[in-house]
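Grab a pencil and work through these exercises with the model open beside you. Try each task before you read its solution.

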Amino acid sequence: MVKQTARNQFPGQQAIEKKGWWLAHKWLILRRMVQLGILALFLAGPLLDVWIVKGNLASSLTLEFLPLSDPYVMLQGLMSGHFPTTEGLIGVAIVLLFYALVGGRVYCSWVCPVNIVTDAAAWFRRKLGIKVSSQFSRSTRYWLLGLTLILPLITSAIVWELFNPVSLMFRGIIFGIGWAWMVILAIFAFDVFVSQRGWCGHLCPVGAFYSLLGHKSIVRVSAQKREQCDDCNDCFVVCPEPKVIRPALKGADKGISPLIDEANCTNCGRCIDVCDEDVFNFSSRFKD
Amino acid sequence: MSDKQKRGLSVESEGKQAGKSKLSRRKFMGDTLKTACGTALLGLGMGTYSRQASSFPAWTIRPPGALPEDEFSGACIRCGLCVRDCPYDMLRLAELGEQVALGTPYFVAREKPCEMCEDIPCAAACPTNALSHELKNIDDARMGLAVLIDQEECIAFQGLRCEVCYNVCPLEGEAITIEMQPNRRSGKHALFIPVVHSDACTGCGKCEKACILEEAAIKVLPTHLAKGLLGKHYRLGWKQKEKAGHSLVTPDIKHRYNLPEGVRYDYNKGGLELPPEAKLERDSPFSSNPLESLKKLQNQESK
């Protein structure tokens with residue numbers, strides 16, 4: 001029991017011993033590089049006067065050529081009665097297509113800056129050994145998603161963007177943070193002390209939108225070598241959406257495919273990192 | 001184990017299962033209701049807050065082409081592309097804690113006014129038409145309206161020459177003109193009063209920025225705060241007369257002055273007009289020559 005607790009506090013220890021540090025952190029490091037790299041691209045303009053990308057995640061223009069727009073924000077604008085320009089529409093189409101293919105919640109784990117905060121909170125929570133967590137449904141985020149789309153209909157204003165911590169943080173870093181760091185701190189504290197994976201896993205309507213968008217995405221994590229699983233539990237401990245693993249990992253008897261075909265899987269690849277038995281790998285919907 | 005016992009067990013387990021499913025259904029309904037109520041309450045709070053947050057403070061100005069404020073908050077996605085494409089870096093996005101709706105673009109005239117680029121790059125960059133692409137000529141922009149709001153402090157009203165606001169105005173002579181008024185303090189000078197004309201003023205804020213006072217006497221205000229509106233039923237008689245070619249009130253009542261017989265007064269035609277015979281046959285005890293009056297006075301004194 002003591003050993004198990006220790007393991008849960010330090011998931012991936014065996015993977016490091018067996019595979020080496022790099023392979024036990026590969027996807028995590030790649031993910032952080034992408035997240036910080038995107039921020040760096042946006043920051044290079046105002047800080048170094050190197051204008052590769054301008055704007056922010058809501059809408060941006062890359063190399064004065066490629067428009068990218070957040071379909072969720074644009075949808076809220078649409079609900080308040082405003083249609084985007086042609087350039088805005090092209091930007092939305094590109095982003096929609098991209099996430100529909102690679103997995104909607106890839107946005108959460110590979111792009112969203114709040115993910116770094118909540119991952120840090122989850123890590124901190126494990127280190128402190130905090131077990132108490134206030135329980136509320138993981139479907140709350142879909143209720144909030146509905147709310148954020150109905151509010152513009154009633155008020156004809158994009159209400160959620162007055163609160164959205166995701167855009168608040170990203171825009172804050174690029175255009176000036178104001179008091180937004182307090183919101184970031186509040187989310188960190190909420191995830192550490194109040195609810196495990198509370199923000200990203202239960203509340204965030206941005207993640208809810210992207211999970212629906214990537215419902216039938218092609219890129220998926222697969223528990224291809226699930227027969228090698230030694231029940232160490234490490235993947236469940238690190239996974240931000242642990243419910244998505246069980247059917248694929250343990251469903252062999254019921255004839256369930258090893259493909260993690262769950263919209264809420266963020267394709268973060270952390271399960272691949274921490275598994276010392278190499279059970280998981282990135283795969284595609286058409287492979288299994 | 002007897003049959004009876006078996007049956008009893010199975011019945012008991014069935015009862016348990018039925019009870020469990022009933023309980024879980026109740027729990028499910030309860031949870032759903034709880035989430036729904038929480039969501040509705042949150043929505044109420046967020047909606048109400050958004051109404052407050054959309055009240056744009058008067059000292060801030062939206063970029064050219066911005067939709068009216070109530071539409072703007074539904075169209076602007078707060079991407080900051082307008083901020084980036086402004087060559088003069090005078091736009092900013094509202095940060096959390098500021099009085100402007102979070103993330104929306106604005107500028108403060110007294111700090112950095114709009115430079116009125118001919119190609120309006122800020123509006124062109126907007127992906128949602130929150131800054132309307134229909135604005136083609138920057139002179140048609142209506143970001144606000146300049147108002148000479150403090151006529152006590154403006155030095156033009158003290159009779160001093162300034163006219164800085166007039167001179168910096170990109171539509172000099174159209175949006176701001178200088179109107180001369182008599183200086184009643186000195187009795188012999190003119191006041192050079194700057195007057196803003198709403199049909200030409202774009203609200204760029206250059207006048208407010210340039211005002212030489214410590215706190216600007218001329219300020220750009222949101223048009224709805226700065227502008228009055230005459231009742232729709234109002235008609236200005238002289239304009240109607242001009243339009244129709246004749247007076248609409250019949251008969252056109254002529255203004256009459258209480259003047260001696262034969263004397264006429266017309267403001268536009270040289271003022272007081274005496275009848276021609278009055279000039280010749282002067283029947284006055286007083287001489288028209290002031291020297292004669294003076295002599296008369298001296299004679300009286302010497303007596």
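**Exercise 1. Count the salt bridges between chain A and chain B, and find the residues that meet in one.**

Step 1. The count between chain A and chain B is 1 salt bridge, where a salt bridge is a side-chain nitrogen of Lys or Arg within 4 Å of a carboxyl oxygen of Asp or Glu. Side chains of opposite charge can pair when their charged atoms come close.

Step 2. Look for Lys54(A) and Asp85(B): their side chains meet in a salt bridge, at 2.5 Å from N to O.

Before going on, a word about what you are looking at. This is a predicted model, in which local features need pLDDT of at least 70 and side-chain atom pairs count only at pLDDT 80 or more, while totals for chains, interfaces and linings use all residues. Residues are numbered from 1 along each chain as its sequence is written, chains are lettered from A and ligands numbered from 1 in the order in which they are written, and side-chain values use heavy atoms, with hydrogens and water left out.

**Exercise 2. Describe the side of chain A that touches chain B.**

Step 1. Start with the polar contacts (a pair of N or O atoms within 3.5 Å; within protein, one must be able to donate a hydrogen and the other to accept it, and residues adjacent in sequence count only if both atoms are side-chain atoms). Between chain A and chain B, 9 residue pairs are in polar contact, both residues being at pLDDT 80 or more.

Step 2. Next, find the elements, remembering that helices (H or I, at least four residues) and strands (E, at least two) are DSSP runs, numbered from the N terminus. Those of chain A that give two or more residues to this side are strands E1 (53–56) and E2 (59–62), together with helices H4 (71–79), H8 (140–155), H9 (165–175) and H10 (180–194).

Step 3. H8(A) gives the most to this side of chain A, with 6 residues.

Step 4. Sort the residues by class: Ala, Val, Leu, Ile, Met, Phe, Trp, Tyr, Cys and Pro count as nonpolar, Asp, Glu, Lys and Arg as charged, and the others, Gly among them, as polar. The side of chain A that touches chain B has 25 nonpolar, 14 polar and 3 charged residues.

**Exercise 3. How many residues does each chain bring to the contact, and what area is buried between them?**

Step 1. Contact means heavy atoms within 4.5 Å. Chain A brings 42 residues and chain B brings 39 residues.

Step 2. Buried area is the accessible area (1.4 Å probe) that two parts lose on being put together, summed over both. Between chain A and chain B it is about 3300 Å², and carbon and sulfur atoms give 69% of that.

Step 3. Trp143(A), Leu162(A) and Phe175(A) supply 20% of the area that chain A buries against chain B, more than any other three residues.

**Exercise 4. Follow helix H7 of chain A from end to end.**

Step 1. H7(A) covers residues 114–128, which is 15 residues. From its first C-alpha to its last it reaches 21 Å, close to the expected 21 Å; the expected span is 1.5 Å times one less than the number of residues.

Step 2. Buried means under 20% relative accessible area, exposed over 50%, and partly exposed in between (1.4 Å probe, protein chains only). The buried residues of H7(A) include Val114(A), Val117(A), Asp119(A) and Arg126(A).

Step 3. Trp123(A) also lies in H7(A). Trp123(A) is partly exposed because its relative accessible area is 45%.

Step 4. After the helix comes Gly129(A), whose phi is positive, near 70°.

**Exercise 5. Is Val238(A) buried or exposed, and which residues does Val238(A) touch?**

Step 1. Find Val238(A) in helix H13 (residues 234–238) of chain A.

Step 2. Val238(A) is buried because its relative accessible area is 3%.

Step 3. Not counting residues up to four places away in sequence, Val238(A) touches Pro11(A), Arg126(A), Arg197(A), Arg270(A), Cys271(A) and Val274(A). Pro11(A) is 227 residues away along the chain, yet the two C-alpha atoms are separated by 7.0 Å.

**Exercise 6. Examine salt bridges within the chains.**

Step 1. Glu241(A) forms a salt bridge with Arg138(A), with the closest N and O atoms 2.9 Å apart. Both residues are buried.

Step 2. In chain B, the side chains of Glu69(B) and Arg62(B) meet in a salt bridge at 2.7 Å, N to O. Arg62(B) counts as buried because its relative accessibility is 5%, while Glu69(B) is partly exposed, with a relative accessible area of 22%.

Step 3. Finish with a network of salt bridges that links Arg31(A), Arg32(A), Asp119(A) and Arg197(A).
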